[in-house]
Amino acid sequence: MKKHDVIIVGGGPGGLSCAKTLSLAGAKVVLLERKKTVGVKVCAGGITWDGLIQKVPEKLIERTFNEQYIFSGYQSFCFRKKYPVIATVDRRNLGQWMLDEAVEVGADIRTGWHVKELGNNLVTATDDMGKTIQLGCDHLVGADGSSSLVRRFLGIPATLTGIGINYQVPGHYEHMEWHLNTDYFGNGYGWIFPHRQSVSIGAYGSGKNMPPKLLKKQLIQWALSRGFALEGEQAGAELINYDYRGYHFGTSWLVGDAAGFASGLTGEGIHPALVSGEAVAKKILDPAYPADEINRLINKKRQHERLVRITGHYSTVCTVLMEILTLMIRLKVVDFQKQLSM
Ligand SMILES: Cc1cc2nc3c(=O)[nH]c(=O)nc-3n(C[C@H](O)[C@H](O)[C@H](O)COP(=O)(O)OP(=O)(O)OC[C@H]3O[C@@H](n4cnc5c(N)ncnc54)[C@H](O)[C@@H]3O)c2cc1C
């Protein structure tokens, strides 16, 4: 059986950034991704100025937005900066770019391999044709997203999960919009994130009080009020795990959504996945690496989770608190951009 320094399960931004960083340092890495095409993912593709915008080449940016239009049940206003607060990217293009970067420095990325079983530093994967491989490794990295098999293998539950629902509609839309209307979305939100030739319209719900079916119904109703008829259109929906309980477990590691690094407040997870993937790679290479960037992520996550907890109980309290929060952003007591970015 072939033995590798590191096996990474999952080829999203977490797994690819980890593979690239390890390979750059000369480690023997294999990444197994169950999909045939890297990058394809249900996502709004929003990236922030403090997060990913400054780390990706310009050609990947679909649209940039210096202005953010924010609506609650009782207020609406526009938040402006001199630079783009948020940009949009196409996840497939982002994934393909990250794949090229990792392969260029020697990472062995294998697509179409579904990891089915895990043992002690042993990975069993199967392809479409039913062919099975077994690989051994010194370190195992779970970068396999919100329903992570590696996390389950380690016996770590994930009870704090949000849900994101996305419709990618062809056409042009001028503004980037956030809708914090509690009647529709509880303490979550609805979004309109324009891309070059399409528009992402979706909703995020952060907890148990917003079941997926209800969120979808509310999203369709709200979208109609913004001029988008989504009934009957194809939606994409996925869980977003924000239940962080550690990332280092002996010779096993978790990054990105598998570790629960996404924000429970906004569902933002691309940048946290990339940052944690890189940091875990550095920690595998040098156990003394302090990984301060992970501590910063955790601090930000905790702030976001406090807000989710406070606003998540009763609908009237939630509405009052969301209106206060919106007012504070409007009056610039709270910096929307600083609060937002993970
Ligand atoms: C509707 C929606 C909208 C979102 N919008 C945004 C946004 O605008 N901005 C933002 O920052 N975040 C957004 N997110 C969150 C973001 O998509 C995730 O946080 C991010 O993709 C996490 O990256 P990751 O690498 O950890 O996991 P993923 O991107 O989920 O990658 C995991 C990979 O592992 C693979 N995999 C899983 N199991 C196995 C297995 N057993 N064997 C092999 N491969 C496996 C999967 O195929 C997948 O490619 C959104 C999420 C949703 C659902």
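Strands here are DSSP runs of E with at least two residues, and helices are runs of H or I with at least four, each numbered from the N terminus. By the way, this is a predicted model, where local features need pLDDT of at least 70, side-chain atom pairs count only at pLDDT 80 or more, and totals for chains, interfaces and linings use all residues. Residues are numbered from 1 along each chain as its sequence is written, and side-chain values use heavy atoms, with hydrogens and water left out.

Now show residues 86–89, which are strand 7: four bridges tie strand 7 to strand 4, and the two run antiparallel. (Strands pair if DSSP finds at least two bridges between them.)

Zoom out to the open sheet, three strands in the order 3-7-4 with antiparallel pairing. Strand 3 (46–48) and strand 4 (61–65) are the edges; each has a single partner strand, so one side of each has no neighbour in the sheet. From one strand to the next, the twist averages 30°.

Next, select residues 13–24 (helix 1) and 91–104 (helix 2): their axes come within 9 Å and cross at roughly 20°. Axes are lines fitted to C-alpha atoms, for helices over the stretch in contact, and angles run from 0 to 180 degrees between N-to-C directions.

Last stop: show the side of helix 1 with Pro-13, Leu-16, Ser-17 and Lys-20, which make the contact with residues of helix 2 including Arg-91 and Met-98. Contact means heavy atoms within 4.5 Å.
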